[in-house]
Amino acid sequence: EMNLKYVSSGKAKDIYENSSETLLFEFTDRVTAFDGKKKSDYNEKGEITCKIAEYWFNIMENNNIPTHYIECPTSTSMIVKRLDIIPVEVIWRNYVAGSFLRRYEAGEIKLPEGVGTEEGSPIHGGMIEFTTKFEAVDRPINTDEIISNGWLSEKEITYITDLTQRINDIMSQELAASGIILADFKVEYGRKPDGEIILADEVGTPDGCRFWKKDEFDEGAIISLDKDVFRKSIGDLTVAYRELFNKLQKNNK
Ligand code: C5P
């Protein structure tokens with residue numbers, strides 16, 4: 001039972017006002033895919049996702065990535081700094097998958113020079129993409145549109161690109177030690193009242209990343225420990241999320 005003022009709901013989180021300067025995220029058991037067309041609930045998904053987000057926020061702070069994270073007062077909730085959210089979703093891709101492959105197959109985009117055309121083809125050096133956040137369907141946008149909409153300056157786009165690459169390097173390295181490949185991920189940023197841009201939303205959770213088992217990948221099979229288990233209906237989401245978290249923890253004991 002919560003006495004806090006309700007603010008809004010995301011796909012998997014409910015957001016409450018915790019103080020004038022902070023919000024409380026409640027991680028629920030909800031999961032949605034395909035712009036909300038596919039929906040379900042998985043017991044204990046909220047708790048495991050909150051733990052994974054807490055795990056990565058601590059690692060980010062230890063690596064000097066500025067974030068909105070403050071603390072987790074319960075096993076399913078997180079207190080964060082209130083920000084002015086930048087209405088852009090930032091995607092980093094190390095491998096071809098998901099909407100990137102779909103857009104290629106639909107003839108909407110070309111792949112970068114030398115990149116293969118199958119799920120799992122590596123994108124050497126990685127690449128960044130931006131999509132809209134507050135439209136019904138996530139729409140890829142280019143940096144010119146971001147700048148002309150007044151969402152970010154050219155300098156800020158460079159800053160965010162650098163931060164996102166650093167986040168990729170930190171996560172990829174941690175995950176590699178646990179035998180997991182980081183195929184891609186999404187992050188969001190926001191502005192503090194003093195104007196500083198910091199990492200918002202959540203980072204490193206299987207709701208917003210693609211994680212593939214390395215041994216199996218090297219044998220030619222993609223085994224997902226992320227929301228693709230739900231998107232593709234290939235298993236129990238909570239079981240996959242727990243396996244991911246166990247692998248991460250084992251490596252850090
Ligand atoms: O679907 P797509 O290939 O564009 O997704 C790239 C990455 O961003 C995936 O890890 C996906 O889970 C994440 N994503 C997200 N929220 C969205 C869209 C994508 O977390 N609205």
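How many Å separate the centres of domain 1 and domain 2, taken over C-alpha atoms?

Mentor: The centres of domain 1 and domain 2, taken over C-alpha atoms, are 18 Å apart. This is a predicted model: local features need pLDDT of at least 70, side-chain atom pairs count only at pLDDT 80 or more, and totals for chains, interfaces and linings use all residues. Residues are numbered from 1 along each chain as its sequence is written, and side-chain values use heavy atoms, with hydrogens and water left out.

Domain 1 covers 5–81 and domain 2 covers 84–236. These bounds come from an automatic or database domain assignment.

Now the interface. 29 residues of domain 1 are in contact with 30 residues of domain 2 (heavy atoms within 4.5 Å). The buried area is about 2,500 Å²; that is the accessible area (1.4 Å probe) that two parts lose on being put together, summed over both. Carbon and sulfur atoms give 66% of the area buried here.

Next, charges. The rule finds three salt bridges across the interface (a side-chain nitrogen of Lys or Arg within 4 Å of a carboxyl oxygen of Asp or Glu). Lys-45 and Asp-207 meet in a salt bridge through their side chains, at 2.7 Å, N to O.

Which elements build the side of domain 1 that touches domain 2? Strands E3 (22–27), E4 (30–33) and E5 (38–41) and helix H1 (45–62) each supply at least two residues. Helices (H or I, at least four residues) and strands (E, at least two) are DSSP runs, numbered from the N terminus. H1 gives the largest share of that side, nine residues.
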